[in-house]
Amino acid sequence: MLDILVKNGRIVDGSGLPAFSGDVAIAGGRLVQVGGQLSAEARTEIDAAGRVVAPGFIDPHTHFDAQLLWDGQARPALEHGVTTVVHGNCSLSLAPLKVEHRARLVKMFQQIEEMPDAAFQGAFEWTWESFGDYVAALRGRVALNVAPLAGHTPIRMWVMGADAQKRAAKPDEIRDMQDLLRECLEAGAVGLSTSYVDMDENFAPVPSRHAHYDELDALSAVLGEYGRMLQVVPEFYNTDVTVARVDQLAELSLAHGIPTTFSPLFDSSVVPDNVPRVLERVAEQFARGARVWPQVQTRPIDISFSLDMASLYFIQLPMWYMLLRMPRAQKLALLGNEGTRKGLIDAAEPGGDTQRFAGLRVRDSQDASLIGRTLGEIAKERGTTPAGALLDLSLAEDLGVHFLAARMGHEDPRRIGPILANDLVHVGASDGGAHIQSFATYGDTGYLFSEFVRKGRHLSLEHAVRKITGDTAQIWGIGDRGLLRPGLAADVVIFDPDTIGRADELPARDMPEGGMRYVRGARGVGAVIVNGEVTWTAEGGYTDARPGVVAHA
Amino acid sequence: MIDEAIVSPGHDGQAVLVVRLRYANGATDTVTLAAEQARKLMDDCAAESVAELRGQPWQRLLHVLEP
């Protein structure tokens, strides 16, 4: 008897080949048959008529390291069809990590990935130091598959202690790091992550940034023994340096026979030649035989702010910017002053032109009825202007209201579509589980289909599915996933190609101890199957199944 | 010298300031500043608005980019 029989689906198998109609049979956690009409008995039968049956999506850039320990479903990533996540990116992983280094590393996580205290303290029990014991802590707890990276920063801390954040490593320390990385890879690490960018809570460079090239070369040699991935955060804010990093990664890739990937890479009208120049160099290096995969996100970048901080969003309005830089008490007093208020409004809306703030949306407020509405709408309702509404709402909640300037970067589908369709571009960089109090890092897969398949037609359905399944599995060497083929792991997502997308971004108070984060639900996804078990359905929500495995263990 | 400074979104959803530079030999480049660095640059240049950064020597950036 089969475990699951998915009937009458439109099968998009992750290879990029044309879709075909048929059934998908699952038993023992594996795909048994893909295509054809089956009449075998199954414990669960799913009618997929009119819907796509595809491999589960693989998200190659997340920071679910801690969340998986108190939420093994990585909500809401799973309901978007994500069945495998890579975490431990950007030099930061929770293992290998000595007890005495926990507090330091958690501070770095909090600073860099904007994750609150509660995500690390009290929500789970720290039972490990070694990578193997961390992997053991995940086993039986996760509903989706995990492919953890070993972070360069904790590896340095383990070997060098406090000196990890002060200096280059000595030869014997590099050898110790190699041995430690080898242990991690044996225990299931999918590769090594490092960063040239990140700063700790004191704005000091994280340990990985103190490594010289010989150290990264030595660690890459160990990756070469296993054919595993090197993930890097380059100086993405400078095109010339990013291009230089592409060259450096290419040398490591060629010397050690390893795949490498870097993120983020995003488009901006302010620096329009950034992505084209980087991709040109990537193509040159691929032509030499190197593997240097740039990760590009699908979603546009929004700017979020409150009047509590002096966001650069206001730097073109000198009066606003100067006022927002003042000490809080002084700022509040001035914002409440009628003369100052009039001056601020006049500066933002010269000659009564109210366009500047009219499109801003309320992201978070104690008044739930305001969330998601534009200042233009609210101003009209209240008989004021958008700038007036911005001030009134902020003052009413002691500057606690957050606003959103949507689609400020990486927002032009005519530019982003061809980038995502490029065969040398790795669709990723969602940052799932990070920056949770700034924006929602979920639903990028749905957005790929809604914006770039249905609306812009930059990718075919089959191409888009391949980009986030078969291609991702191949890039990361996750051999038994990413395709619908008999014998492979039964990670399957069933979705409506006409409606799949991402829901609106909303604040949710579902973090440990009631903490807030931004989330997005899924649209158009019908069911998500991981290793042959149903983990989520549109009708029933999340199930109790915990079939996730460590991809390389 | 600084040719232009433009607000742009950063990777983490915060606004950043992209500064366009033009060197004496005609070469151009851009430098991206986070909020604190941008504040430092404005203060160093005694600029009240980003428009006032135009024409400032590129060496101003050396100070603000120090870790």
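Modeller: Start with helix H4 (residues 152-160) of chain A and helix H5 (residues 171-186) of chain A, which pack with their axes 9 Å apart. The angle between them is about 125°. Bear in mind throughout that this is a predicted model. Angles under 35 degrees count as roughly parallel, over 145 as roughly antiparallel, and 65 to 115 as roughly perpendicular, with the rest oblique. H4(A) and H5(A) are therefore oblique to each other. Their crossing is right-handed.

Now the residues. H4(A) brings Ile155(A), Arg156(A), Trp158(A), Val159(A) and Met160(A) to the contact. From H5(A) come Glu173(A), Asp176(A), Met177(A), Leu180(A) and Leu181(A). By class, this contact of H4(A) with H5(A) holds 7 nonpolar and 3 charged residues, with no polar ones. Arg156(A) is on the H4(A) side, while Glu173(A) and Asp176(A) are on the H5(A) side.

Two other pairs in the chain can be set beside this one. Take helix H11 (residues 338-348) of chain A and helix H14 (residues 386-396) of chain A. They pack at an angle of about 135°, and their axes are 9 Å apart. H11(A) and H14(A) are therefore oblique to each other. H11(A) passes H14(A) in a right-handed crossing. Arg341(A), Leu344(A), Ile345(A) and Ala348(A) make the contact from H11(A). H14(A) answers with Ala387(A), Gly388(A) and Leu391(A). The classes here are 5 nonpolar, 1 polar and 1 charged.

The next pair is helix H7 (residues 239-256) of chain A with H8(A). Its angle is about 15°, with the axes 10 Å apart. H7(A) and H8(A) are therefore roughly parallel to each other. The crossing of H7(A) past H8(A) is right-handed. On H7(A), the contact uses Thr239(A), Thr242(A), Val243(A), Val246(A), Asp247(A) and Ala250(A). On H8(A), it uses Asn274(A), Arg277(A), Val278(A), Arg281(A), Val282(A) and Gln285(A). That gives 5 nonpolar, 4 polar and 3 charged residues.

Pro264(A) sits in the loop between strand S11 (260-262) and helix H8 (274-287) of chain A. The peptide bond from Ser263(A) into Pro264(A) is cis, with omega near 5°. Ala95(A) to Pro96(A) is also a cis peptide bond, with omega near -5°. Pro96(A) lies in the loop between strand S7 (82-87) and helix H2 (102-113) of chain A. Phi of Ala74(A) is near 45°, a positive value in a residue other than glycine. Why flag these spots? Most residues other than glycine have a negative phi, and most peptide bonds are trans.

Step back to the whole chain. Chain A has 18 helices and 24 strands. Its radius of gyration is 24 Å, close to the 24 Å that the globule rule gives for 553 residues, so chain A is as compact as a globular protein of that length. The C-alpha trace of chain A spans about 75 × 60 × 50 Å along its principal axes.

The domain assignment gives domain 1 (1-87 + 434-548) and domain 2 (303-407) in chain A. The centres of the two domains are 40 Å apart, taken over C-alpha atoms. Domain 1 of chain A puts 5 residues into the contact, and domain 2 of chain A puts in 4. On the domain 1 side, these are 3 nonpolar, 1 polar and 1 charged.

Last, the partner chain. In contact are 24 residues of chain A and 21 residues of chain B. On the chain A side, strand S13 (301-305) and strand S15 (402-409) are the elements that give two or more residues. S13(A) has the largest share, 4 residues. The chain A side of this contact divides into 15 nonpolar, 8 polar and 1 charged. Chain B itself has 2 helices and 3 strands. Along the sequence they follow the pattern β-β-β-α-α. A compact globule of 67 residues would have a radius of gyration near 11 Å, and chain B agrees with its 11 Å. Its C-alpha trace spans about 35 × 25 × 25 Å along the principal axes.

Note on methods:
Residues are numbered from 1 along each chain as its sequence is written. Chains are lettered from A and ligands numbered from 1 in the order in which they are written. This is a predicted model: local features need pLDDT of at least 70, side-chain atom pairs count only at pLDDT 80 or more; totals for chains, interfaces and linings use all residues. Two residues are in contact if their C-beta atoms, placed from the backbone, lie within 7 Å. Ala, Val, Leu, Ile, Met, Phe, Trp, Tyr, Cys and Pro count as nonpolar, Asp, Glu, Lys and Arg as charged, and the others, Gly among them, as polar. Domain bounds come from an automatic or database domain assignment. Axes are lines fitted to C-alpha atoms, for helices over the stretch in contact, and angles run from 0 to 180 degrees between N-to-C directions. A crossing is left-handed if the near helix is turned anticlockwise from the far one by less than a right angle, and right-handed if clockwise. The radius of gyration is taken over C-alpha atoms; the globule rule is 2.2 Å times the number of residues to the power 0.38.
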